Amino acid sequence: MAALSRAEAEERAPQPVTIDLAEVGVRALNTELHAPSAASYEVLHPHGAHSIAAGVHDEIDVHVRGHAGYFCAGMNQLGRVVVDGSAGNGVAENMMSGSVRVRGDASQAAGATGRGGLLVVEGRASMRCGISMKGIDIVVGGDIGAMGAFMAQAGRLVVCGDAGDGLGDSIYEARLYVRGRTGTLGADCVEKPVRDEHLAELRELLAAAGLDHDPAEFRRYGSARALYHFTTEHSGSY
């Protein structure tokens, strides 16, 4: 099914459509969002329900007025999702494009395996933020927990607070930026110089997230590229 353009959605229903989860449930919500009749939606009384706005693949706005449970906005493509609260495990999991903004905190595995788009967590994110990220950009306004960007393959993770132990463990080519303190670094993750190109992309990411931190306050981390090729001679190092 071809993606619905924003202009087409606005022609169908120019005013936001309100869906009350206390009345219809998540299945009915997602059925509507997968074949949208409007350009924007307001979701009322989410009460931590799981899989809210999962699988959106059109250029629409979805505003969740409260806390969301597991896998909110999972597999998002083109959609712009805002959560007025906190989100459970796996918010924006496997996101392809579009944007997801959590105005509160995020639980474990925020942005896991994400391939594109922008995830903004205005508060803190728990363990394994950006695990196995494959091209997504993630900006966290506060701290992240342990094992952030574990096995991160591509994309950028910006942490405006502190990062827990094991940052970037077994990282590939993702770029990590941390403004605060870091715990122990994960296997093959090292601090790297911040060049002009990195300051420029930090400026762009912070602006997209609506944050005004000075890019010069951040440190950059990435792969030492020592684990790319397994060799029996160095097996004790792995």
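1. A residue counts as buried when its relative accessible area is under 20%. In this predicted model, C72 has a relative accessible area of 0%, and C72 is therefore buried. The value for C129 is likewise 0% relative accessibility, so C129 counts as buried too.

2. On the cysteines there is one further point to note, namely that the count of disulfides comes to zero. That count rests on a distance rule, by which a disulfide is a pair of cysteine sulfur atoms within 2.5 Å.

3. Strand β7, which covers residues 134–140, is mostly covered, since five of its seven residues are buried.

4. Strand β6, made of residues 118–121, pairs with β7 in the parallel sense, and four bridges connect the two. Within this pairing, V121 stands opposite V140 in β7.

5. Strand β8, made of residues 154–159, also runs parallel to β7, and five bridges join these two strands. Here I138 stands opposite L157 in β8.

6. How many aromatic pairs does the count come to? The count comes to one aromatic pair, and this pair is formed by Y70 and F71, with 6.2 Å from centre to centre and 85 degrees between the planes. Because planes over 60 degrees apart count as edge-to-face, the pair of Y70 and F71 is edge-to-face.

7. Are Y70 and F71 buried, exposed or partly exposed? Y70 has a relative accessible area of 39% and is partly exposed, and F71, with a relative accessible area of 40%, is partly exposed as well.

Terms used
Residues numbered from 1 in each chain as written. Predicted model: local features only at pLDDT ≥ 70, side-chain atom pairs only at ≥ 80, totals over all residues. Heavy atoms only, no water. Buried < 20%, exposed > 50% of the residue type's maximum accessible area, 1.4 Å probe, protein only. Pairing = 2+ DSSP bridges. Phe/Tyr/Trp six-rings, centres within 6.5 Å; stacked < 30°, edge-to-face > 60°.
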